[in-house]
Amino acid sequence: MKKLIERLTIFFVGVPLIIGLSLIPFFHYLPLNLLVLGVSTFSAYELSLMFGTNGQTLARPLLMVLAPLIPVAEFLNIIFGLDYLGTVALVLGAFVVFTVEIFTAKEFAMSNARIARSLCVLLYAGFLPSFITRLTGTRAPFAYAATFLALVFISDSAAWLFGMLFGKNNRGKILASPNKSLAGFAGAYAGCFVFALILTFLVFKNEFASENLLPKTALLSVCVCTAAIIGDLAESVFKRSAEVKDSGNVVLGRGGVLDSVDSIFMAAPFYFFLIKLMFA
């Protein structure tokens, strides 16, 4: 019951507050981009900590600097009208990882593991969330970013609700997360599609105005929901490999920061590319 109350509090109070504050249209949506920066930094910390429980990465402070440089670079792209700084930041981050390993390693038995884990931190905690920053450079940043955050939160919450109500006898199908249920997955897709219809046809109908809007909305909701589910399951794999229950304990009813944004991170690139392809 305590966890239920905490999750409902987050859903009805925390989520609208975060979305509302982050989407204040000040200086290229600076509040949202600062939130992305903070989440990227903290996610790099939590992920490198998990990777370090039964292995090694490069120095955690270094990864906490390199990962958020990628969304920062994308923000600078928007300010200065460029389109290459994010790629530069990613390549530079990889270059630093290789260079540090070359010149600081005392032995090389774990070099492959250190490099692979460190690059994974850059990709997962830096590159993926940078696509949220990219949304603030589209023609309708508020509508597109708000829709994205709403769809991911709705799919996640619908999955939890349907799983709790109807998932008792259909859990355990996915070893990475045995508590997930088929009913929960069905609820995630249903909730995401319904809210996508509401947002694209009613709330932001001008911003999403397009021919063949219904199939485009259906494709958008299916891709976002699928990516969100995979993001959640991928983080479950990270935690199982590290033998930890949560990535941290700083978010009420959720665990760590990474536990709360895993779905968002994975879904962001798919959503961004579909928006650019179909609406922007």
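Which two side chains meet in a salt bridge at 3.0 Å, N to O, with Lys-239 as one partner? The points below answer this and go on to other features.

1. **Basis.** This is a predicted model, in which local features need pLDDT of at least 70, side-chain atom pairs count only at pLDDT 80 or more, and totals for chains, interfaces and linings use all residues. Residues are numbered from 1 along each chain as its sequence is written, and side-chain values use heavy atoms, without hydrogens and water.

2. **Lys-239 and Asp-259.** Asp-259 is the partner of Lys-239. A salt bridge here is a side-chain nitrogen of Lys or Arg within 4 Å of a carboxyl oxygen of Asp or Glu. Lys-239 lies in helix H9 and Asp-259 in helix H10 (residues 257-278), so the pair ties together parts 20 residues apart in sequence. Helices are DSSP runs (H or I, at least four residues), numbered from the N terminus. Both Lys-239 and Asp-259 are buried. Buried means under 20% relative accessible area, exposed over 50%, and partly exposed in between (1.4 Å probe, protein chains only).

3. **Other salt bridges.** The whole structure has six salt bridges. One of them joins Glu-101 to Arg-114, with the closest N and O atoms 2.9 Å apart. Glu-101 sits in helix H4 (residues 85-104) and Arg-114 in helix H5 (residues 111-127), 13 residues apart. Glu-101 is buried at 4% relative accessibility, and Arg-114 is buried at 8%. Lys-180 and Asp-232 also meet in a salt bridge (3.0 Å, N to O). Lys-180 is in the loop between helix H7 (141-166) and H8, and Asp-232 is in helix H9, 52 residues away. Lys-180 is partly exposed at 27%, whereas Asp-232 is buried at 15%.

4. **H8 against H9.** Helix H8 (residues 182-203) and helix H9 (residues 213-242) pack at about 140°, with axes 9 Å apart. Axes are lines fitted to C-alpha atoms over the stretch in contact, and angles run from 0 to 180 degrees between N-to-C directions. That makes H8 oblique to H9. Oblique covers what is left after roughly parallel (under 35 degrees), roughly antiparallel (over 145) and roughly perpendicular (65 to 115). The contact (heavy atoms within 4.5 Å) includes Phe-185 and Phe-201 of H8 and Leu-213 and Ile-229 of H9.

5. **Two positive phi values.** His-28 has phi near 60°, and Tyr-29 has phi near 60°. Most residues other than glycine have a negative phi. His-28 lies in the loop between helix H1 (2-22) and helix H2 (30-51). Tyr-29 is in the loop between H1 and H2. His-28 is partly exposed at 34%, but Tyr-29 is buried at 12%.

Key. Helices (H or I, at least four residues) and strands (E, at least two) are DSSP runs, numbered from the N terminus.
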